[in-house]
Amino acid sequence: GEIPGPTVRPNGSSPDERSGKAYPCARPVPEESYRRAGRFVLSVRAKKERTMAVNKQAIDRTVKLGLLAAISILLVYLIHFPIFPAVAFLEYDPADIPILICGFAFGPAAGFIVTLIAAFIQGFTVSAQSGIYGIIMHIVATGAYVLSSSLFYRKHKTKKMAAVAIVIGTLTMVVCMFFANLVITPYFLMGAVNSGTVSAVLSLMPFILLFNLIKAGANGAIT
């Protein structure tokens, strides 16, 4: 009356019920192998999630930088007016505000990238009349302003130090524009850099320096 058990061959195999053939008995998988497989699956999943998170952050950052550059160009188009009637070609515009915000929020490199984007697009659209001269002066002025401000603010992220950073950026912009106007302005607007053209620019330098001081200070205060 007992049910016979499976026949086990000496070599560790058992016969198939239908064919009578012997196959090796399945050995149990060690528990550690399951753990290793589980850890591998989790690591692959975590790596995939990290990659997706990094890609999402990069896309968000790119979109925000592009938006700030677009706002900068739009502000130039909507708001621009001369401060001193004697030098009407020096026009105030608030285009540096979103670029300065970009430098404070995303760092000096991001601020300078937006400066380049805005300068080239503006130079071929809303400020096309100034040509390559306007693009170069834009990069020098805004680049000096944003880089110096955001470099300082990156190491001192408080509201008080933000005000100090803007003062540093304003003074840096004024100094850089002094030398830029001595070299770049005579070459592009007067065809040569010599004592005569430099003297002509120096006669306008008080207006130029005061203009840059007011523009940078106003944009920093608004920011």
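Which residues of the largest nonpolar core touch the most other members? Keep that in mind while you set up the view.

This is a predicted model, where local features need pLDDT of at least 70, side-chain atom pairs count only at pLDDT 80 or more, and totals for chains, interfaces and linings use all residues. Residues are numbered from 1 along each chain as its sequence is written, and side-chain values use heavy atoms, with hydrogens and water left out.

**Cartoon.** Show the whole protein. Trace the chain from the N terminus: β-β-α-β-β-α-α-α-α-α.

**Surface.** The accessible surface is about 14,100 Å², and carbon and sulfur atoms hold 68% of it (Shrake-Rupley method, 1.4 Å probe). Of the 223 residues, 33% are buried (under 20% relative accessible area, 1.4 Å probe, protein chains only).

**Largest core.** Select Phe-104, Met-137, Tyr-145 and Met-173. Among the 15 residues of this core, these four touch the most other members. A nonpolar core is a set of buried Ala, Val, Leu, Ile, Met, Phe, Trp, Tyr and Cys residues joined through side-chain atoms within 4.5 Å. Next, colour H2 (96-106), H4 (131-155) and H5 (159-190), the elements that give two or more residues to this core. H5 gives the most, with seven.

**Tyr-145.** Zoom in. Beyond its neighbours within four places in sequence, Tyr-145 is in contact (heavy atoms within 4.5 Å) with Asp-96, Leu-100, Ile-166, Gly-169, Thr-170, Met-173, Ala-216, Asn-219 and Gly-220.

**Second core.** Finally, select Leu-68, Ala-69, Ala-110 and Val-114. They are among the 10 residues of a second, separate core.

Key:
Helix = DSSP H or I, 4+ residues; strand = E, 2+ residues; numbered from the N terminus. Buried < 20%, exposed > 50% of the residue type's maximum accessible area, 1.4 Å probe, protein only.
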